[in-house]
Amino acid sequence: MASFRLALIQLQVSSIKSDNVARACGFVREAAKQGAKIISLPECFNSPYGTKYFPEYAEKIPGESTQKLSEVAKECGVYLIGGSIPEEDAGKLYNTCPVFGPDGSLLVKHRKIHLFDIDVPGKITFQESKTLSPGDSFSTFDTSYCRVGLGICYDMRFAELAQIYAQRGCQLLVYPGAFNLTTGPAHWELLQRGRAVDNQVYVATASPARDDKASYIAWGHSTIVNPWGEVIAKAGTEEMVLYSDIDLKKLAEIRQQIPILRQKRPDLYAVEPKKP
């Protein structure tokens, strides 16, 4: 199929896990009724974002939140990218994105590879590594439409990850993410457009809605960028569902017109994965 509809759910996240999950599933049903075939939730959709919250809200996969996602994916017959949740496994905590197919099966889970440890004096200091462990694998999954590559938030800053996904045939990269009021206005859109142009892929980011009372205030502005680097859909800061039709014919035309993926110089340089 040459095109399909993508939906990003910019959810207002509260401190009540069961409410977050129930409302997320409601938005999935709404998006499916609007014709969306691939749907993404935002980073940390079932929990407030913060190192003090991760241990309290963490659960195993499968677990209560992912069971609900599996059920609603099957009910609606869609591919559901479950944003991310704090995952507990063997005594470690991860920031993990589970993906479910139209039959409700778990297709892949992406554990955030690059942990968000930054210090911008006078603006923001954050250390995910205080409570979280990093993932150590690439995460792609196949749909009826195209192959999709996954990253979470800070993963988007690392161009090598996107390049490896493009090498592996991905045509859409999805990054559930919660940038903040310092990095959001500076880099959120810039990074998405950069990843899209460099790799001639569609790039989508699903953010939580902004909550000015939260301890960590998300930037919002969930976005979809085409392989030409154009922003084709962008949310504001409020809770909403963002839609765009993903045109794979346009992607093929761009790759034919400017064939950079065929023109790379492996005799001079390479980006190579160290793991499968």
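Gly-35 comes after helix H1, and its phi is positive, near 95°. A word on conventions: this is a predicted model, where local features need pLDDT of at least 70, side-chain atom pairs count only at pLDDT 80 or more, and totals for chains, interfaces and linings use all residues. Residues are numbered from 1 along each chain as its sequence is written, and side-chain values use heavy atoms, with hydrogens and water left out.

Back to H1. Helices here are DSSP runs of H or I with at least four residues, strands are runs of E with at least two, and both are numbered from the N terminus. H1 covers residues 17-33, which is 17 residues. From first C-alpha to last, H1 reaches 25 Å, close to the 24 Å expected at 1.5 Å a residue. That expected span is 1.5 Å times one less than the number of residues.

Which residues of H1 are buried? Lys-17, Asn-20, Val-21, Ala-24, Cys-25, Phe-27, Val-28 and Ala-31. They cover an arc of only 160° around the axis, so they sit on the same side of H1. The arc is taken from the directions between the helix axis and the C-beta atoms. Buried means under 20% relative accessible area, exposed over 50%, partly exposed in between, with a 1.4 Å probe and protein chains only. Why one side? An α-helix has 3.6 residues a turn, so residues three or four places apart point the same way. On the face turned away from the buried side, H1 carries exposed Ser-18 and Lys-33.

What do the buried residues of H1 pack against? Among the partners are strand S1 (3-10), strand S2 (36-40), helix H3 (64-76) and strand S15 (240-247). Contact means heavy atoms within 4.5 Å.

Next, Lys-60. Lys-60 is in the loop between H2 and H3. Its relative accessible area is 44%, so Lys-60 is partly exposed. Leaving aside neighbours within four places in sequence, Lys-60 contacts Thr-66, Glu-88, Asp-89 and Ala-90.

Now Asn-199. Asn-199 belongs to helix H5 (residues 183-199). Is Asn-199 buried or exposed? Buried, because its relative accessibility is 2%. Not counting residues up to four places away in sequence, Asn-199 touches Ala-162, Gln-163, Ala-166, Arg-255 and Leu-261.

Last, the inside. How many cavities of 30 Å³ or more does the structure hold? One. A cavity is a set of points on a 1 Å grid over the protein atoms alone, where a 1.4 Å probe fits but cannot get out; lining residues have an atom within 4 Å of a point. The largest cavity has about 40 Å³ of space. Volume is the space filled by probe spheres set on the points. Its lining includes Phe-116, Cys-153, Arg-157 and Tyr-216.

Terms used:
1 Å grid on protein atoms, 1.4 Å probe; cavity = no way out; pocket = protein on both sides within 12 Å on 5 of 7 lines; lining within 4 Å.
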